[in-house]
Amino acid sequence: MRLTVNTFLSMDGVMQGPGGLDEDPSNGFDRGGWLVPLADEEMDQLVSGWFRQADALLLGRTTYEMMQPYWELVTDPSDTMADSLNHLPKYLVSRTVTEPTWHNTTVIPGDVVRTVTEIKAQGHGELQVHGSYQLARTLHDANLVDEYRLLLFPVVVGTGKHLFEDGAAPSSFMVTGSHVTKSGVVALSLLPRPFASAEMRRKA
């Protein structure tokens, strides 16, 4: 099973609270909603395309609890995001939630790296991570991510949770797809490839 990370990013790598002021105010973050002025139908189509490729979802607790109250009330079967979020198998990484109420949810309470490795080995199709910055970082450092799909917005937020913070495992990527929307959002698809430091290149 392939594991993909799908997320929105500002130019300075922030992924916190893109859709609204109160979306994720943790750690005093007060700059939420930074993607809203650039959101359009083309962006919606790109994100719907992500979800059409999903066979299961893997979410951190904060993202899960943020999404559930809104999306479980959207019952339009033509809404690709809602249909995927409400009906696909969901894996919730949490040590505090023991009885999730969102349909088709399985809790991963312990070693997420070991469990996700097992899910990937046993499953088929695509397991998608959305948001969930701590989870995405853990999976990145464990070399479990098979593809990154990013929407990069021409905005500098200045503070907030980042996809790659200090100490992230060194990485290199091959761009396999790119597109610029009319509002200036850059859609990127990237595959990880072996990272070669300057010293390693000299030895080669």
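**Labels and their grounds**

L38 sits in the loop between β1 (2–10) and α1 (41–52). The model is predicted: local features need pLDDT of at least 70, side-chain atom pairs count only at pLDDT 80 or more, and totals for chains, interfaces and linings use all residues. Residues are numbered from 1 along each chain as its sequence is written, and side-chain values use heavy atoms, with hydrogens and water left out.

Q: Why is L38 called buried?
A: Buried means under 20% relative accessible area, exposed over 50%, and partly exposed in between (1.4 Å probe, protein chains only). L38 has a relative accessible area of 18%, so it counts as buried. Of the 204 residues of the protein, 45% carry the label buried.

Q: What makes a residue a contact of L38, and which residues are touched?
A: Contact means heavy atoms within 4.5 Å. Not counting residues up to four places away in sequence, L38 touches F153, P154, V155, S183 and V185. As for E126, 88 residues from L38 along the chain, the two C-alpha atoms are separated by 28 Å.

Q: What makes the place of V93 a strand?
A: Strands are DSSP runs of E with at least two residues, helices are runs of H or I with at least four, and both are numbered from the N terminus. V93 belongs to strand β3, residues 90–93.

Q: Which residues does V93 contact?
A: Leaving aside neighbours within four places in sequence, V93 is in contact with L58, L59, G60, R61, I108, V112 and L135.

Q: What is the order of the elements in the protein?
A: From the N terminus, the order is β-α-β-α-α-β-β-α-β-α-β-β-β-α.

Q: Why is the protein called as compact as a globular protein of that length?
A: The radius of gyration is taken over C-alpha atoms, and the globule rule is 2.2 Å times the number of residues to the power 0.38. The radius of gyration is 17 Å, close to the 17 Å that the rule gives for 204 residues, so the protein is as compact as a globular protein of that length. Along the principal axes, the C-alpha atoms fill a box of roughly 55 × 40 × 35 Å.

Q: How much of the contact set joins residues 24 or more positions apart?
A: Such pairs account for 70% of the contacts in the protein with a separation of 6 or more.
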